[in-house]
Amino acid sequence: MWYQRSSMKILLLEDDVILQDIIEEFLLENGYEVESFYDGEKALDAIGSHQYDMLLLDVNVPSIDGFEILSYLRDIGNTTPAIYITSLAGIDDLKKGFALGADDYLKKPFDLEELKVRIDRIAKSNHLQDEIAFDGMRFVPKAHQIYIGDRVIEMRQKEAQVLEYFVRNQGKIISAEEIIENIWEDENVPTHATIRTYIKNLRKMFDKDYFDNIKGEGYRFNIL
């Protein structure tokens, strides 16, 4: 992998062996640290002895079901964000999941990208910090900082968001329109000249130029 992320540590409780492998592989490919369990009791033991940033809980699992696990955790004051991933699709099950303290409830079958969107949304709202490492540097998007040895580069929020988007899409040609669409949302839409200014400012932060100008198409961020 061309970058490493010192990221969230996720506990995955899923007793479907194939689905567990699929989810775990997807999360690992996206830079998360994952520990997987098939059995509710073993998962609860792990939660008691390790620190996790997020819990992905199936409900119908051996020993202790996902509802019981979260109910117990919330009763003892454990506030680790939790997402239910379950085939229980009834409205009563949905209400129960949220009543027990779940942060989200994802019904099977689901798209893995949707799971990532939900994980990232909860991570953002809970201020869970991601750290991206490349070329001997550490980039902390939420802190708007780059660490190069003992030197710290302070960035503006939008600069950090633009850089993060490029790093996560390394090697892909990205147009100004794509940057605007994915970063500015409903805010005041910047001009293409503004995007060029952001790229120019980012270039100045590094000892070498990671940005390629692709005439008529956009920009490409290259680490390798």
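In which helix do R168 and E164 lie, and how many residues apart are they? I am working on a predicted model. I found both R168 and E164 in helix α6, 4 residues apart, about one turn of the helix. Their side chains form a salt bridge, and I noted 3.0 Å between the closest N and O atoms.

**Other salt bridges**

I looked up the total next: the structure holds 14 salt bridges. One of them joins the side chains of D103 and R74, at 3.6 Å from N to O. D103 sits in the loop between α4 (91-99) and β6 (104-107), and R74 sits in helix α3 (residues 66-75), so this pair ties together parts 29 residues apart in sequence. I have D103 down as partly exposed, at 28% relative accessibility.

Then I checked K208 and D135, whose side chains meet in a salt bridge at 3.0 Å, N to O. This pair links distant parts of the chain, with K208 in the loop between α8 and β12 and D135 in the loop between β7 and β8, 73 residues apart. K208 is partly exposed at a relative accessible area of 46%, and D135 is partly exposed at 40%.

I also noted a network: salt bridges with shared partners join D104, E114, R118 and R121.

**Nonpolar cores**

I turned to the largest nonpolar core and recorded 30 residues in it. F134, I146, L163, F166 and F221 have the most contacts inside this core. Among the elements that each supply at least two of its residues, I listed β7 (132-134), α7 (176-183) and β13 (218-221). The largest share, 6 residues, comes from α6.

I followed F134 and, leaving out residues up to four places away in sequence, found that F134 touches F139, V167, F206, Y210, F221 and I223. I also found a second, separate core of 21 residues, which includes A43, A46, V59 and L94.

**The sheet**

Last, I traced an open sheet of 3 strands, ordered β11-β13-β12 and paired antiparallel. Its edge strands are β11 (173-174) and β12 (211-214), each pairing on one side only. I found 2 bridges joining β11 to β13, and I174 stands opposite Y219 in β13. Helix α6 packs on this sheet, touching β11, β12 and β13, and I noted an angle of about 70° between the directions of α6 and β13.

Notes: Residues are numbered from 1 along each chain as its sequence is written. This is a predicted model: local features need pLDDT of at least 70, side-chain atom pairs count only at pLDDT 80 or more; totals for chains, interfaces and linings use all residues. Side-chain values use heavy atoms; hydrogens and water are left out. A nonpolar core is a set of buried Ala, Val, Leu, Ile, Met, Phe, Trp, Tyr and Cys residues joined through side-chain atoms within 4.5 Å. Buried means under 20% relative accessible area, exposed over 50%, partly exposed in between (1.4 Å probe, protein chains only). Contact means heavy atoms within 4.5 Å. Two strands pair if DSSP finds at least two bridges between them. Axes are lines fitted to C-alpha atoms, for helices over the stretch in contact, and angles run from 0 to 180 degrees between N-to-C directions. A salt bridge is a side-chain nitrogen of Lys or Arg within 4 Å of a carboxyl oxygen of Asp or Glu.
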